[in-house]
Amino acid sequence: MKIPVYIDGKEEGVLALERRGPWTLADVRVRDVGRVLRLTVYGERTYYLGVPVPDGEGLRLTKKLSPAETRRFPQAPRYAAEAPMERQRPTPEADHDTRRVLWLGGRPHYF
């Protein structure tokens, strides 16, 4: 199963879920956006995945989910992102690698 990963309201990567016996392997590949990402999976409930690290030209996160963790994972995941899509807004600078973001009071400030 493949699930889109959204950063700043744009699809920037993919989360691949694969069953391997009782375990589930979650593999995230996302474009390097120049900052630390903390990804959560959203569906009928949420599940925190973690922080992808540099891998080649982008970022990657691989996580092996135990059967207990798989039960906490959304049964019908819709997407993975830093925040719910309702709170994400694309910015005109979203395509620039030099863009930086500072979060103050739960709001992003781009510079």
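Which residue in β7 is the bridge partner of Arg 29? In this structure, the partner of Arg 29 in β7 is Arg 60. Good morning, colleagues. Please keep in mind throughout that we are looking at a predicted model. I shall begin with the sheet, move on to the aromatic rings, and finish with several individual residues.

Strand β3, covering residues 23-31, runs antiparallel to strand β7, residues 58-65, and eight bridges join the two. On β7 there is a further pairing, with strand β6, residues 53-55; it is also antiparallel, and it extends over three bridges. Asp 55, for its part, stands opposite Gly 58 in β7. The hairpin formed by β6 and β7 has two residues between the strands, and in it Gly 56 adopts a positive phi near 70 degrees.

I turn next to the aromatic rings. In general, a pair of aromatic rings is described by the distance of the centres and the angle of the planes. The structure holds three aromatic pairs. One of them is formed by Tyr 6 and Tyr 79: the arrangement is edge-to-face, with 6.0 Å centre to centre and 75 degrees between the planes. This pair links distant parts of the chain, given that Tyr 6 belongs to strand β1, residues 2-7, and Tyr 79 to strand β8, residues 79-81, 73 residues apart. Tyr 79 has 7% relative accessibility and therefore counts as buried.

Another of the pairs consists of Tyr 47 and Phe 73, which are tilted, with 5.2 Å centre to centre and 55 degrees between the planes. Tyr 47 lies in strand β5, residues 46-50, while Phe 73 lies in the loop between α1 (67-72) and β8, so this pair ties together parts that are 26 residues apart in sequence. Both Tyr 47 and Phe 73 are buried. Ring pairs also link Tyr 6, Tyr 42 and Tyr 79 into a cluster. A charged residue meets an aromatic ring as well: Lys 64 lies over the face of Trp 23, at 4.9 Å from the ring centre.

Is Arg 35 buried or exposed? Arg 35, which is located in that loop, has a relative accessible area of 18% and is therefore buried, the limit being under 20%. Its side chain makes a polar contact of 2.6 Å with the side chain of Glu 82. Arg 38 is found in the loop between β3 and β4 (39-42). Setting aside residues up to four places away in sequence, Arg 38 touches Tyr 48, Gly 50, Val 51, Ala 81 and Glu 82. For Arg 38 and Gly 50, which are twelve residues apart along the chain, the C-alpha atoms are separated by 5.5 Å.

Two further residues complete the survey. Thr 24 lies in strand β3 and is buried, with a relative accessible area of 7%. The side chains of Thr 24 and Thr 70 are joined by a polar contact of 3.4 Å. With neighbours within four places in sequence left aside, the contacts of Thr 24 include Leu 17, Glu 18, Arg 19 and Lys 63.

Finally, what is phi of Asp 8 near? The value is near 55 degrees, which is positive in a residue other than glycine. Asp 8 sits in the loop between β1 and β2 (10-20), and it is buried, with a relative accessible area of 7%.

Thank you for your attention.

How values were computed:
Residues are numbered from 1 along each chain as its sequence is written. This is a predicted model: local features need pLDDT of at least 70, side-chain atom pairs count only at pLDDT 80 or more; totals for chains, interfaces and linings use all residues. Side-chain values use heavy atoms; hydrogens and water are left out. Rings of Phe, Tyr and Trp (its six-membered ring) pair if their centres lie within 6.5 Å; planes under 30 degrees apart count as stacked, over 60 as edge-to-face and the rest as tilted. Helices (H or I, at least four residues) and strands (E, at least two) are DSSP runs, numbered from the N terminus. Buried means under 20% relative accessible area, exposed over 50%, partly exposed in between (1.4 Å probe, protein chains only). A charge sits over a ring if NZ of Lys or CZ of Arg is within 6 Å of the ring centre and within 35 degrees of the ring normal. Two strands pair if DSSP finds at least two bridges between them. Contact means heavy atoms within 4.5 Å. A polar contact is a pair of N or O atoms within 3.5 Å; within protein, one must be able to donate a hydrogen and the other to accept it, and residues adjacent in sequence count only if both atoms are side-chain atoms.
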